[in-house]
Amino acid sequence: MSDSYPASEAEISARAKALESLLVEKGLIGTDAIDKAAGAYESDIGPMVGAKVVARAWSDPGFKEQLLEDASAACARLDVGGMQGEHMVAVENSEQVHNVVVCTLCSCYPWPVLGLPPNWYKYPQYRSRTVMEPRKVLKEEFGLDVDESVDIRVWDSSAEIRYLVLPERPEGTEGMSEEELASLVTRDSMIGVGKPRTPEG
Amino acid sequence: MNGVHDLGGMQGLGGVDVEGNEPVFHNPWEKAIFGTMLATMGQGMYNLDEFRHGIEVMSPAHYLTSSYYEHWLETIEKNLIEKGIIDRDELDARTQEFLKDPAAPVPQREDPELAESLSRLVRSGASTRREVSAKPQFEVGDRVRTRNVHPRGHTRLPQYVRDKQGVVERVYDAFVLPDANAHGEGENPQYVYSVRFEAEEVWGDSAEPREVVYVDLWESYLEPL
């Protein structure tokens with residue numbers, strides 16, 4: 001524990017290494033286990049997984065219905081699930097409704113579909129403001145201008161349910177394959193701070 | 001507790017700093033801290049609610065001037081020391097050694113069994129949903145008021161929605177109650193509800209038009225209206 005702050009990066013690094021070393025020496029953890037488990041979030045688990053889920057929902061009405069009814073079960077069909085996504089709920093954007101997800105108390109985020117959250121999602125500015133002035137945050141901080149006729153629904157992930165935004169399928173994507181559609185789905189569009197890409201880019 | 005972590009509606013914190021092409025981990029220690037959390041919480045050395053509460057009790061000035069993974073390091077250290085798994089003095093002494101020789105490596109240890117169980121944890125999760133015999137007290141559409149409470153311990157009832165009227169939007173299953181589980185008082189599972197609040201109810205004249213906020217709340221946070 002630090003007696004003075006802000007702590008330097010050198011100090012944090014030393015403390016992290018000290019902690020890991022002591023646990024290794026006591027035989028309580030394995031460095032291979034840590035590297036492998038943490039490494040999964042650098043390789044296999046990230047927004048590309050959620051993008052596949054969204055692309056399937058855009059392509060398959062039956063899947064979309066199940067996703068909105070029970071997102072965990074729908075994701076399990078695609079072999080998607082796991083830690084911090086044991087109970088997932090998908091909320092659908094439409095012409096009338098825009099959903100956006102936040103965690104005001106910490107940084108809860110649906111890891112199995114989006115991976116680990118970006119810093120801005122975890123830091124105080126987004127967490128404090130999104131519940132109070134979502135329209136302003138979306139416009140000023142993310143360049144997303146939500147029309148004043150559109151309802152904004154903010155989901156504060158205060159319990160163990162994790163929310164995924166199902167963005168609207170962009171126009172001009174008729175006939176695209178799931179793979180092509182997935183390439184349009186951005187992380188931000190699944191948090192609700194952005195829109196999917198369009199075929200024109 | 002009414003801590004600095006409970007940020008909903010706080011003002012004056014500034015703009016959102018969006019980093020382009022952000023890496024998952026910015027440096028080796030972020031990855032080490034993340035992995036250490038998985039390995040220690042994953043083996044049940046402390047639970048998720050104790051982990052969260054360990055961050056909440058940081059001093060507000062420290063909380064606001066430290067990085068996300070420093071928060072994690074604080075709570076992992078605190079929990080492991082409280083559980084008697086590591087000792088403060090040995091941790092401080094070892095930290096000094098690494099400060100003097102930052103390039104010194106962490107000793108390596110293979111633990112295939114743990115590697116397998118952590119992979120399973122990542123893929124399957126660790127649900128805190130529990131079966132309870134009671135029926136939910138509230139139904140979809142019920143009007144409720146959140147309690148005006150200010151517990152000194154851990155809670156997941158944010159301040160900005162205390163003593164506010166809302167409507168039950170969804171009834172979820174029962175989950176371990178953080179308020180009890182963070183303090184060694186057992187799991188005490190209760191139903192969780194998604195409660196819908198109109199922005200005007202929460203923010204008064206400062207509310208933006210056409211906004212609603214949904215907050216997931218345990219049953220004991222609510223009273224019928």
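How many residues of chain A are in contact with chain B, and how many of chain B with chain A? In this predicted model, 91 residues of chain A are in contact with 105 residues of chain B.

**The interface**

Together, chain A and chain B bury about 8,700 Å² between them, and 60% of this area lies on carbon and sulfur atoms. The interface also holds 48 residue pairs in polar contact, both residues being at pLDDT 80 or more. Several elements of chain A each supply at least two residues to the side that touches chain B, among them helix 2 (31-43), helix 9 (134-142) and strand 4 (162-166). Helix 1 of chain A provides the largest share of that side, with 17 residues. By residue class, the side of chain A that touches chain B comprises 46 nonpolar, 19 polar and 26 charged residues.

Strand pairing also links the two chains: strand 3 of chain A and strand 5 (residues 211-218) of chain B run parallel and are joined by five bridges. Within this pairing, Arg153(A) has Val212(B) as its bridge partner.

**Chain B**

Chain B contains eight helices and six strands, arranged along the sequence as α-α-α-α-α-α-β-β-β-α-β-α-β-β. Its C-alpha atoms fill a box of roughly 60 × 45 × 35 Å along the principal axes. Of the 225 residues in chain B, 50% are buried. Among contacts in chain B with a separation of 6 or more, 65% are between residues 24 or more positions apart.

**Salt bridges**

Side chains of opposite charge can pair when their charged atoms come close. Over all chains, the search finds 28 salt bridges, and eight salt bridges are found across the interface of chain A and chain B. The table lists examples.

| Salt bridge | Closest N to O distance |
|---|---|
| Arg15(A) and Glu74(B) | 3.2 Å |
| Arg187(A) and Asp188(A) | 3.1 Å |
| Arg109(B) and Asp111(B) | 3.2 Å |

For the pair formed by Arg109(B) and Asp111(B), Arg109(B) is partly exposed at 26% relative accessibility, whereas Asp111(B) is buried at 13%. Salt bridges that share partners join Glu11(A), Arg15(A), Glu74(B) and Glu77(B) into one network.

Where do Glu97(B) and Arg94(B) lie in chain B? Both belong to helix 5 (residues 88-100), and because they are three residues apart there, about one helical turn separates them. Glu97(B) is partly exposed, with a relative accessible area of 48%, while Arg94(B) counts as buried at 18%. In chain A, Arg187(A) is partly exposed, its relative accessible area being 23%.

Note on methods:
Residues are numbered from 1 along each chain as its sequence is written. Chains are lettered from A and ligands numbered from 1 in the order in which they are written. This is a predicted model: local features need pLDDT of at least 70, side-chain atom pairs count only at pLDDT 80 or more; totals for chains, interfaces and linings use all residues. Side-chain values use heavy atoms; hydrogens and water are left out. Contact means heavy atoms within 4.5 Å. Buried area is the accessible area (1.4 Å probe) that two parts lose on being put together, summed over both. A salt bridge is a side-chain nitrogen of Lys or Arg within 4 Å of a carboxyl oxygen of Asp or Glu. A polar contact is a pair of N or O atoms within 3.5 Å; within protein, one must be able to donate a hydrogen and the other to accept it, and residues adjacent in sequence count only if both atoms are side-chain atoms. Helices (H or I, at least four residues) and strands (E, at least two) are DSSP runs, numbered from the N terminus. Ala, Val, Leu, Ile, Met, Phe, Trp, Tyr, Cys and Pro count as nonpolar, Asp, Glu, Lys and Arg as charged, and the others, Gly among them, as polar. Two strands pair if DSSP finds at least two bridges between them. Buried means under 20% relative accessible area, exposed over 50%, partly exposed in between (1.4 Å probe, protein chains only).
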